[in-house]
Amino acid sequence: MHALIQGVILGILTGGVYALMASGQTLIFGIMKVVNLAQGAMVIMAAYLSYQLFTTFGMDPFLAIPITTLLMFGLGVGVELLFLRPLRREDKSELSLLVTFAIALLIEGVLSVTWGTTYRSINTTYANSSWTLWGYQITVVRFWAFVLSLVALGLLFWLLNRTRFGRAVRATVQNPESARLLGVEAQWVSALGFGLGAATAAAAGSIYGLLYPFTPGSHYDLISRLLSIVVLGGLGSVGGAVIAAVIVSTSSAIVAATISPAWSEMTFFVILILVLLIRPQGLFGSVNRGAI
Amino acid sequence: MRLPSALRGGVFVALLVSMPMLGLQHWFLNLLVFVLMYATMSSAWNLVGGFAGYPSLGHAAFFGIGAYTLALFFKDQVLATGYEPFLLLPVVGLVGALIGWPIALISMRTRADVFAIVTITFLFVVQTLAFNLHDLTGGSQGAALPIPPFAAGQYELPFYYVMVALLLFTMGLTFATMRSKVGLSLVSIRADEDKARGVGVRVIGVKVLAFSVSVGITAMVGAVWAYYESFIYPQFAVDPLITIAMVLMTFLGGRGTLWGPVLGAVILESGQQVLTYQLGAVQLYLIVYALLFLVIILLLPRGILPTIEDRLRQRRRSRRTEAPAAVWPEDPAIPSKADTVTTRGGGAA
């Protein structure tokens, strides 16, 4: 029982970070109908950026978040303008998958050449400290990672629900044609939306780098998790992605605590298959249109 | 200009069969074996990714499944003639197809997005399993296959001819598909799945069939590769780069065509061997591959062969001056620009 509750605590805390990554991914899908297979690679890239900022300038990864976020936002906008926009409309969904996959490999290649393929980790002074609450361990890093992920998610929700840009995004997600008719500049919404997705990946990446050791190849691991989360939440639904992230990471932590860590890596695949069998549109997805 | 397809096929077969008799050096024969492997796999990928427009990103998983199936079957065995593993290939193909079948059934109920998601996740799962199931795969220490007892001077030859047979089998299958109802159904799915279903195409059945056959062939190639290498590691047996190579070659040559994937494999695989010698580092050709891929998709999205064919058709038409305008695209797989070409008059070629 103790192990189980400890697993649940761990799962919820980690779920925050995954929620952040997945919300960006599902947002990109909602706006552009593009499954961004490079989301995991962008997360890892941000982790390396904050690793570099930490080792050369001694900058705390939590403080590095604004920098990595801005950089990756720019990168995201650039990727959309350069590689996704020129695709012809009739086979866009098919080609965009391959394009983002190629970008993921490109990022992996650049990271491997720059930093090598051995595991790196960011060792802050507080990396190993933890609190004990009624016999349950809560590591300081994980706690703050959770809090910061919530803050970032809050910002994202504010942006989507309270700003003009957010309204344009929501309109595009719900019905791109009508949004265009009403004067939303779909092209710019796409570019900025992709940038925003990359920015959430960056924020999550800085946090991810604190929690786990990483190599350039870690993005395969991440992307399969993220995709399962996004499908469970319903492609295009940001709220769904947040809830799904907590569900997936909690159940995988429970499996790790009660059965074996090796099988916990399979949990998300089992969840993915179950979702596709029982409710292919996910928890909060609609069949045709997007939802936020 | 157009050779009859029977003649083209005959020349191709004769060329493949007679090539080793020219007294080629080992490195060149080795290169040919790899070119044939990739040509076969790209042709297999083309069946589902090219014709049906469902881009599978998980084919490398089936390559690995084939490799490990053979490794498991011949664990700790000594071979008498060395041809036993080749005789087992149909079984390996069947195993691959049987594993692929439920996956296709689950993931192809919705659209290409979800299909790609499931296949790439499956790739990762198989890779993790290959690392973790020590009893079956030997984990990261790798798994040994029986050493092929072929004479050193002719070591590559059996592999070469088996791969020739597999390639011809796959191309024959593609040829038959293109001229059958199945091929037409696949192409109609790619063009507009809803309409295809509406006019009575059995979309699910055809898609699942194409995927199963495609991954079955990929598994067979994986098995041949494993026997050829005689020692396999998880990171090479289940390698995302294999997937990307298959996709890249198909796109370069021209998806939805018979010869495109083969042409792509010839160009890219020989190019890659040269690059490996020149650049050495694996990471560098990850970058080169990715960049090349992006360039091809952006600049040559239809591939070499369809582009050339278009040019030729254009030229022929301009020579015939004012030919009647009602021209249908010859290959239904390609949404052709033919109707605009007639008005432009084609000075580009």
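Helix axes here are lines fitted to C-alpha atoms over the stretch in contact, and the angle between two axes runs from 0 to 180 degrees between N-to-C directions. The model is predicted.

**Helix packing in chain A**

In chain A, helix H1 (residues 2-32) packs against helix H8 (residues 186-211) of chain A at an angle of about 165°, and the two axes are 8 Å apart. Angles over 145 degrees count as roughly antiparallel, so H1(A) is roughly antiparallel to H8(A). The crossing of H1(A) and H8(A) is left-handed. Of the residues that form the contact of H1(A) with H8(A), 17 are nonpolar and 7 are polar, with no charged residues.

**Helix packing in chain B**

Helix H5 (residues 89-107) of chain B and helix H6 (residues 112-132) of chain B cross at roughly 145°, and their axes come within 9 Å. This crossing of H5(B) and H6(B) is right-handed. From H5(B), the contact takes Ile103(B), Ile106(B) and Ser107(B), while H6(B) supplies Val114(B), Phe115(B), Val118(B), Thr119(B) and Phe122(B). The residues of the contact of H5(B) with H6(B) comprise 6 nonpolar, 2 polar and no charged.

**Contact between chains A and B**

The contact draws 38 residues from chain A and 35 residues from chain B. On the side of chain A that touches chain B, the elements giving two or more residues are helix H4 (92-115), helix H9 (218-233) and helix H11 (261-278) of chain A. H4(A) gives the most to this side, with 15 residues. By residue class, the side of chain A that touches chain B divides into 27 nonpolar, 5 polar and 6 charged.

**Domains of chain B**

Chain B is divided into domain 1 (25-243) and domain 2 (307-344). Between the C-alpha centres of domain 1 of chain B and domain 2 of chain B the distance is 36 Å.

**Confidence in chain A**

Chain A has a mean pLDDT of 84, and 97% of its residues reach 70 or more. Confidence in chain A is highest in helix H2 (residues 39-57) of chain A, at 91, and lowest in strand E1 (residues 130-133) of chain A, at a mean of 75. Where pLDDT is low, predicted coordinates should not be read in detail.

How values were computed:
Residues are numbered from 1 along each chain as its sequence is written. Chains are lettered from A and ligands numbered from 1 in the order in which they are written. This is a predicted model: local features need pLDDT of at least 70, side-chain atom pairs count only at pLDDT 80 or more; totals for chains, interfaces and linings use all residues. Helices (H or I, at least four residues) and strands (E, at least two) are DSSP runs, numbered from the N terminus. Angles under 35 degrees count as roughly parallel, over 145 as roughly antiparallel, 65 to 115 as roughly perpendicular and the rest as oblique. A crossing is left-handed if the near helix is turned anticlockwise from the far one by less than a right angle, and right-handed if clockwise. Ala, Val, Leu, Ile, Met, Phe, Trp, Tyr, Cys and Pro count as nonpolar, Asp, Glu, Lys and Arg as charged, and the others, Gly among them, as polar. Two residues are in contact if their C-beta atoms, placed from the backbone, lie within 7 Å. Domain bounds come from an automatic or database domain assignment. pLDDT is the predictor's confidence in each residue, from 0 to 100.
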